[in-house]
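Biologist: I would like to learn how to read a few features in a structure. Could you take me through them?

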Amino acid sequence: MAVSIKSKAEIELMKEAGRILAITHEEMRKQIRPGMSTYEIDRIGEEVIRSYNCIPSFLNYNGYPASICVSINEEVVHGIPSKKRIIQEGDIVSLDAGVIYKGYHSDSARTHIMPGASKEVRQLVKVTKESFFKGIEQAVPGNHISDISRAVQEYAESFGYGVVRDLVGHGVGAKLHEEPEVPNFVGKRRGIKLCAGMTIAVEPMIAMGTYEVYWEDDDWTVVTEDNLPASHYENTILITENGPEILSQAPGIEL
Ligand code: MF3
Ligand code: CO
């Protein structure tokens with residue numbers, strides 16, 4: 001399937017999915033604290049999504065058993081919520097979530113810093129978020145996917161960080177994962193040329209040390225090879241004639 005151009009009506013549905021997703025993240029942000037289990041975070045997130053009569057898009061996606069991905073410290077993404085996994089002081093906790101509203105998806109991730117976290121890890125979280133904004137500055141018609149990738153990579157690597165290569169951003173819309181792939185690093189291909197009406201999830205996954213990762217025995221949790229912390233930040237964006245527009249946001253809620 002080729003890369004789809006969304007109609008105005010489709011974009012409105014994606015904006016509503018994105019608004020509800022932003023509200024979901026905001027509720028999790030307000031409640032997350034040391035002592036809580038990652039299962040509790042999943043309950044909070046799913047409840048908000050369901051309260052808007054929406055569907056959590058991750059639940060049962062390729063067999064994923066929860067609504068929210070909760071990944072702590074060296075876990076990069078796809079941590080499975082568990083009653084036994086308790087958030088500790090000094091942790092960074094990445095929350096990744098997806099909402100389906102009337103058949104249309106929004107996908108976004110935030111990394112939260114628990115009290116007592118080191119200044120090194122705080123910088124990692126800040127730079128990961130900044131690298132997203134560097135990337136989407138390039139999300140303009142006529143540029144290529146690799147222009148986004150390069151901007152993310154150059155910024156993150158200028159701090160000595162590793163840009164995770166085994167997972168990438170993606171098109172998003174009627175499905176959670178659509179074409180094209182949106183890597184956070186530059187390879188040999190420039191990728192497709194960007195056009196107004198494309199909707200993509202840009203999601204830097206940045207590690208304090210090596211970019212190499214492995215999969216845990218649960219077949220989901222992705223962990224850094226050197227066990228150093230990693231951070232994740234993601235939004236669903238629309239490419240317009242005037243540049244990028246973030247769809248996974250809501251009035252009065254910080255990005
Ligand atoms: N959040 C991932 C992404 O951003 C998808 C997670 S799917 C799940 O593309 F099944 F692992 F939850
Ligand atoms: Co995504």
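Modeller: Gladly; we will go through the metal site, the sheets and the aromatic rings. Keep in mind that this is a predicted model.

Biologist: Let's start with the metal. Which residues coordinate the cobalt ion (ligand 2)?

Modeller: The cobalt ion (ligand 2) is held by Asp107 through OD, His170 through NE2, and Glu203 and Glu234 through OE, at 2.0 to 2.2 Å. Along the chain, these donors follow the spacing D-x62-H-x32-E-x30-E. Aspartate 107 belongs to strand β5 (residues 104–113) and histidine 170 to strand β7 (residues 169–171), so this pair ties together parts that are 63 residues apart in sequence.

Biologist: And how do I read the geometry? What arrangement do the six donor atoms make around the cobalt ion (ligand 2)?

Modeller: The general idea is to compare with ideal angles, which are 90 or 180 degrees for six octahedral donors. Here the six donor atoms around the cobalt ion (ligand 2) subtend angles of 53 to 171°, which makes the arrangement irregular.

Biologist: On to the sheets. What is the strand order in the open sheet of five strands?

Modeller: The order is β8-β7-β9-β14-β15, and the pairing is antiparallel. At the edges stand β8 (178–182) and β15 (243–246); each has a single partner strand, so one side of each is left without a neighbour in the sheet. From one strand to the next, the twist averages 30°. Further in, strand β9 (residues 199–202) and strand β14 (residues 235–240) run antiparallel and are joined by four bridges. One place to look is valine 202, whose bridge partner in β14 is asparagine 235.

Biologist: Which strands form the open sheet of three?

Modeller: That sheet has the order β3-β12-β11, again with antiparallel pairing. Its edges are β3 (75–77) and β11 (213–215), each with a single partner strand, so one side of each lacks a neighbour in the sheet. Neighbouring strands here are turned by 40° against each other on average, direction ignored. Two bridges pair β3 with strand β12 (residues 222–224) in the antiparallel sense, and valine 77 stands opposite valine 222 in β12.

Biologist: Now the rings. How many aromatic pairs does the structure hold?

Modeller: There are six aromatic pairs. A pair of aromatic rings is described by the distance of the centres and the angle of the planes. Take phenylalanine 132 and phenylalanine 133: their ring centres are 4.9 Å apart and their planes lie at 90°, so the pair is edge-to-face. Tyrosine 155 and phenylalanine 159 also form an edge-to-face pair, with 5.1 Å centre to centre and 70° between the planes.

Note on methods
Residues are numbered from 1 along each chain as its sequence is written. Chains are lettered from A and ligands numbered from 1 in the order in which they are written. This is a predicted model: local features need pLDDT of at least 70, side-chain atom pairs count only at pLDDT 80 or more; totals for chains, interfaces and linings use all residues. Side-chain values use heavy atoms; hydrogens and water are left out. Rings of Phe, Tyr and Trp (its six-membered ring) pair if their centres lie within 6.5 Å; planes under 30 degrees apart count as stacked, over 60 as edge-to-face and the rest as tilted. Two strands pair if DSSP finds at least two bridges between them. Axes are lines fitted to C-alpha atoms, for helices over the stretch in contact, and angles run from 0 to 180 degrees between N-to-C directions. Donors are N, O and S atoms within 2.8 Å of the metal (3.2 Å for Na, K and Ca); water is not among the atoms, so sites may look incomplete. Four donors count as tetrahedral if all angles lie between 85 and 135 degrees; four count as square planar and six as octahedral if opposite donors are over 155 degrees apart and all others between 65 and 115; anything else is irregular.
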